[in-house]
Amino acid sequence: MSTPPIGRRGFIKGALGVGALAVAGCAPGGSGQAVPSKLAAPSATASTVKGEITIWNRSGDLFKVFDAAIAKFKQAYPGVTVNHQQVDIDAKLANTLISGTDVPDGSFWDDAKIGGQAEHLYDLTDLIAPYQDKTAPYKISVNTVDGKIYGVPWDLDPGLLWYREDILEAAGVDIASIATYDDLLTAARTIKDKNPASKPIHLDKNPFLSQLWLEMLANQQGTSLTDASGKLRLDSPEYKKIFTWIEQATGDGLVTHAPYLEPADVNTLDNGQQVFVPWAIWWSFAPQNLLKATKGKWRAAPLPAWTPGGARSGVMGGSSFVIPAKAKNPELAWLLYEYLCFKDEGIQAVYGPNSVYPGGLSTSVPSYLPVLDPAKPLFQPIEALGGQDLWKVATEASSTIPAAAPIPWWWAQSVDYLGNNVQRLIEGKMSPDDVIADSAKKIQRNLVDRG
Amino acid sequence: MRVRTWLTPYVFVSPFFLVFAAFGVYPLIFALQLSFTRWRGAGEATFVGLGNYSYLLSSPDFWASLGNSAVMWVLIVPIQVVAGLGAAVLLANAKLRLRGFFRVAFIAPFVTPLVAMAQVWIVVFDTDYGLVNYLLNLVGLPDVGWLTSTTWSKPTLALLVLWKTTGFAIIILLAGLQAVPGQVYEAASLDGASRWRQFWSLTVPLVRRSIAFLVVVQTLAVFQMFAEPFVVTQGGPYGSTETAGLYLFDHISASDLGTGAANSFLLVLLVFGLSLGAVRLLRPKDGTS
């Protein structure tokens, strides 16, 4: 047997050398990282601009709506080819932005996720500047990080008070009399007196949605989980007021605690146990598509205010469009989003009557203020709401929504603390003070301090 | 000429090492470096030394996730070994009628896609409309929050894992059993050993290596468990099914890549220690490894 040409020591030395080289070359955040820059408006005109873009969108009905709207965009910009794709954005977009491969030119995204990935996105401040004063202040604020705007604001999701008109009439409760959240408790007690089996107010059992709902109530009062500098402000009178109200409502047996539109929820919505659902405009999906026995009996009103004369709505959820810093044709993606969000023709294409929603898209309203005219509806009165003009209710409520602060990158992670503690509060396992103290401590330590 | 002679074997083995370096060594070194930094996937990484490790080791959430995984291990692995061994002994019996049918029946859940099974679990164990609570109600028992109470969420999830993976345990143990020579049992019978005695004194010691292998593999699987809680409970209620694997994923999905990398190395160390312990505990007494 011959002696190995490379001895054990030699091999180890070689391996260590290769390892050292690898360590030197593997450092994260090397020179290959693109620094997001400001995006400039394309100079070519609509008729001369050319190119191809890949656009990611959510699947489902909304994809079909945007598909039809993009077809109209292509008529306006005949040189632009749009590769419109249905993607599980929550699962794929963040990873794609980090890996930098196969990045789309533009994507739909939840407002709550944009702040966390701003460093992977184009700064759109200059492009949005001409429209900034005409866009809902809330949407500008949630898309802003360190003074720069990273998302093209799309929809506005005002909170409304959904209620059973027939039950209120039978109980002698006038919806106009519910002007504050205390009034709502009073009305709920009146209804429960008439029907002891009733638990009139819906509070949600899903921690994520309950935190989103909580932020709607906070937004109504002009506050949010953090201020513009990222400082946590959970320990505030506004949040204390909300938690105390929840404790009062649950303590008085006025609450149906059910997971959003799951069978237990739908059943109690349809059997008269639930009478009030303070929720975003997108709850309109329920009477139109899920509820059977009570279809046509639900109506929408502005949310009650926290103080007399206060704001009658806050935002719950919402989405915008982002342009990744590694997009191949970012200028063309901007043209598309400008068309969909700020041009009458594009907005009409999305919200107006279409083959998917013959009466128009009624699960949100645009965030572009010039089109939010109560007298000029984009979608039609809804039969499943007894023919109510939801557009009028929603646009009037929207006009009262205060601005907010940017949504912190860790918002979704904070559900493990705040969303869970809201659930404990509803179940009577925590007091308002405990929710504030425990959630603030954990969010500060695990999320804010690690930013 | 001499250079060519000594180089030839290295050229032959180099394809493996190149692929291994690209997809094994490089990610490992990258992740190790990452674990000492704060990096969100873009821009320059900030070196934080052992900051991510000390944060995790002092984090109640990290220990809670390990605790959840440990409870899941207790609920899954011992039961799986016992049930798997029992089923393997039955299936190894040549006199068993419909042996082929039972083999397929036991293995079927193992080859069924997890997400499909998880959806069935969600429906069957639903508090309000699930089949299990319906049956309980029929005999006058109240509803149980199988997936919504902190008491029952882990056992319900463990049951899913048992249902899904016991088939794998049976395959491993059946292979071990079939390697045992039949003469050993004949000799034991001639010496008057009962079936039970044969099981304890022959079967168990002779399949000890298979059991050790199974325990190590399942320990790895339980501490890396991700898909089951992700699909069925999303770690809830109140974090009661937030396993170590899911907790690790939470860092990654939040783009907190440095903490995620540190978490994965701590998990590797833990699983390595546990596996080593299991192998030593189950090592045959004849000294062979």
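Helices (H or I, at least four residues) and strands (E, at least two) are DSSP runs, numbered from the N terminus. The model is predicted: local features need pLDDT of at least 70, side-chain atom pairs count only at pLDDT 80 or more, and totals for chains, interfaces and linings use all residues. Residues are numbered from 1 along each chain as its sequence is written, and chains are lettered from A, ligands numbered from 1, in the order in which they are written.

**Exercise 1. Find the strand that holds A:F321, and work out why A:F321 is classed as it is: buried or exposed?**

Step 1. Look along chain A to strand β13 (residues 319-322), where A:F321 is found.

Step 2. Count neighbours: a residue is buried if 20 or more other C-beta atoms, placed from the backbone, lie within 10 Å of its own, exposed if 12 or fewer, and partly exposed in between. A:F321 has 25 other C-beta atoms within 10 Å, so A:F321 is buried.

Step 3. Now see who the partners are. Contact is called when two C-beta atoms, placed from the backbone, lie within 7 Å. Leaving aside neighbours within four places in sequence, A:F321 is in contact with A:G106, A:S107, A:F108, A:G151, A:V152, A:W154 and A:Y337.

Step 4. Pick A:G151 from that list: 170 residues separate it from A:F321 along the chain, yet their C-alpha atoms are 5.3 Å apart.

**Exercise 2. Describe how the two domains of chain A meet.**

Step 1. Take the bounds, which come from an automatic or database domain assignment: domain 1 is 51-156 + 317-371, and domain 2 is 159-316 + 387-450.

Step 2. Their C-alpha centres lie 28 Å apart.

Step 3. On the domain 1 side, 19 residues are in contact with 23 residues of domain 2. Elements giving two or more residues to that side are α4 (111-114), α6 (137-142) and β4 (144-145) of chain A. The largest share, four residues, belongs to α6(A).

**Exercise 3. Check the length of helix α13 of chain B, then list its buried residues.**

Step 1. The expected span is 1.5 Å times one less than the number of residues. For the 25 residues of α13 (residues 257-281) of chain B this should give 36 Å, and the end C-alpha atoms are 36 Å apart, which agrees.

Step 2. The buried residues of α13(B) are B:L257, B:G258, B:T259, B:G260, B:A261, B:A262, B:N263, B:S264, B:L267 and B:A278.

**Exercise 4. Which element of chain B gives the largest share of the side that touches chain A?**

Step 1. Across the interface, 27 residues of chain B are in contact with 23 residues of chain A.

Step 2. Both α1 (2-34) and α12 (244-253) of chain B supply at least two residues of that side. The largest share, seven residues, comes from α1(B).
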